[in-house]
Amino acid sequence: MKNILVTGGAGFIGSNFIRYWLINHPEDKIVNLDVLTYAGNLENLKDIEKNPNYAFIKGDITDKETVDRAMKGIDTVVHFAAESHVDRSILEPEAFVRTNVLGTQVLLDAAREHNVKRFHHVSTDEVFGMIPLDREDRWTESSPYQPRSPYSASKAAADHLVRAYRVTYKVPVTISNCSNNIGPYQFPEKLVPLAITNLMEGKKVPIYGEGNQVREWLYVEDHNRAIDIILLKGSLGETYFIGPNHPEITNLRLVKKILKLMGKGEDMIEYVKDRPGHDQKYALDWGKIKGELEWEPENDLDASLQKTIDWYKVNEDWWRRVKSGKYREYYKKQYS
Ligand code: NAD
Ligand code: DAU
C-alpha cells in the first residue's frame, strides 16, 4: 500500500491522476496538496471527495510548514503543482519562478527530511526549447536544455533542482517530460479547450500568427498511465519522455480537425497577434519508456479529440462557470 502526496491535484492533469489512481489502486491513500489558484478547482474532484482514501489540504508548496505537515507519513510524492500557461508567464513571470522553482525546492527538502521512497517530478517537453520547422529531429532524454519562455525556464530550473537533489542528497527521484495534454477538466485557456468552448459559445477560435507551429497531443489518461508505470518500474534518477504516436500536426490543422468534428466552418478561425518568442516545434522520441518500461499511448489523436469534445459538451456547466468571473479579464487582456 502506498501513501501518496499529489501536489496540484485540483488542476487538469492532477485531478485526472487522482481519479485514475483511486480506480486502479484502491488500496492506496492520496493526500492532495493544492493552493487553488485560478487553475485549481475542487469541482474537478467532486465525485471522489468523500472517498475514505482521499484527503485534501489547501496549501502552498512554497510554504515549508504546510509542506512539512502534508509530507507526514508519505512514501511517494507525485509533483504536478505549477503555474502552467505559457501566455500567463509572458504577462506575469513572477508566480512561475515562485511556484515552479522555489516550490519544487521546498518539496524536495521536505521529501529528503521525511525519507520518502519516491519523488516523481512531472515536467514538460518545452524545457528543451524548440525545433525549427524545417528540421525532422526529435529530442531524447539527453538533449540539452534550452528553454525560451518564462514558463519553460522555470520548469527547466525545477528539473535541474530535482536532478541535483539526486546527485547531492540521493533523494530517490524520477522525472517525466510530457508533450501537450488534452482531456477532461482542462482549463479553457489552453488551445484545445479554448477552441471547443469558444465554438460552443458561437465565438471564433484565435490562432496565433499563421498557425504553422507544431505540437504533439496526448490524451491525459495516457500520461497518467505512464506515470503509474514509471512509479512501478522506473529506475531512480532517470528521466522518461511521454508522447503520442500521431504524425506531426500544425496548430492550424489541429483546429481544422476540431472544426470538422464539431460541424463548424473555417470561417470560425480568427488569426490574431503571435505569441512573443513562440516555439515553432516540439517533438519527443519516447523510445526509452516504450523499450524499457513497455508503455505506449492507447488513444490516437482523433479518439482523444472526440472524447475531449464529448466531455466538454456534457459538462457545459463546469466550463461556463470556469469561463465566467476573473477569466474574462484575462481573456480581454490576452486577445484584445
Ligand atoms: P494546471 O494549471 O491545470 O494545474 C496546476 C495546479 O497546481 C492547480 O490546481 C493549481 O491550483 C496548483 N498550484 C499552482 N501553484 C501552486 C502552489 N504554489 N501551491 C500548491 N498548488 C499550486 O496544470 P496542468 O496542465 O494540470 O499541469 C500539471 C503539471 O504538468 C505541471 O507541472 C505542468 O508543467 C506539467 N505538464 C503539463 C502539460 C499540459 O499539456 N497541460 C504537459 C506536460 C507537462
Ligand atoms: O508541451 C507541453 C506544454 O503544453 C505544457 O508544458 C504547458 O503546461 C501547456 O500549457 C502546453 O503549452 P503550449 O504553449 O504548447 O499550449 P497552448 O495550449 O497554450 O498552445 C498550444 C499551441 O497553440 C501553441 O503553439 C500556441 C497556440 N495557441 C494557443 C492559444 C491559447 C494559439 O494559436 N491560440 C491560442 O489562443
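Select helix 4 (residues 94–113) and helix 5 (residues 150–169) first: F96, V97, N100, V101, T104, Q105, L108, D109 and R112 of helix 4 meet Y151, S154, K155, A157, A158, L161, V162, Y165 and Y169 of helix 5. Contact here means heavy atoms within 4.5 Å. By class, this contact comprises 11 nonpolar, 4 polar and 3 charged residues; Ala, Val, Leu, Ile, Met, Phe, Trp, Tyr, Cys and Pro count as nonpolar, Asp, Glu, Lys and Arg as charged, and the others, Gly among them, as polar.

The model is predicted: local features need pLDDT of at least 70, side-chain atom pairs count only at pLDDT 80 or more, and totals for chains, interfaces and linings use all residues. Residues are numbered from 1 along each chain as its sequence is written, chains are lettered from A and ligands numbered from 1 in the order in which they are written, and side-chain values use heavy atoms, with hydrogens and water left out.

Two packed helices are described by the angle between their axes and the distance between the axes. For helix 4 and helix 5, the axes come within 8 Å and cross at roughly 15°. Axes are lines fitted to C-alpha atoms, for helices over the stretch in contact, and angles run from 0 to 180 degrees between N-to-C directions. Helix 4 and helix 5 are therefore roughly parallel to each other, a label for angles under 35 degrees. Their crossing is right-handed, that is, the near helix is turned clockwise from the far one by less than a right angle.

Next, select T99, which lies in helix 4. Is T99 buried or exposed? T99 is buried, with a relative accessible area of 12%; buried means under 20%, exposed over 50%, and partly exposed in between (1.4 Å probe, protein chains only). Not counting residues up to four places away in sequence, T99 touches I61, T62, A81, A82, E83 and T104.

Now display the sheet. Its 7 strands form an open sheet in the order 3-2-1-4-5-6-11, with parallel pairing. Strands (E, at least two residues) and helices (H or I, at least four) are DSSP runs, numbered from the N terminus, and two strands pair if DSSP finds at least two bridges between them. Strand 3 (54–58) and strand 11 (239–242) stand at the edges with a single partner strand each, so one side of each has no neighbour in the sheet. Neighbouring strands are turned by 20° against each other on average, direction ignored.

Select strand 1 (3–7) next: 4 of its 5 residues are buried. Strand 1 runs parallel to strand 2 and is joined to it by 5 bridges, with V6 opposite N32. Helix 1 (residues 12–24) lies across strands 1, 2, 3 and 4, at about 170° to strand 2.

Move on to helix 6 (residues 191–200), where 8 of the 10 residues are buried, so this helix is largely enclosed by the rest of the structure. Just after helix 6, G202 takes a positive phi of about 80°.

Finish at K256 in helix 8 (residues 251–261). K256 is partly exposed, at a relative accessible area of 30%, and, leaving aside neighbours within four places in sequence, is in contact with E266 and I269.

Terms used: Parallel < 35°, antiparallel > 145°, perpendicular 65-115°, else oblique.
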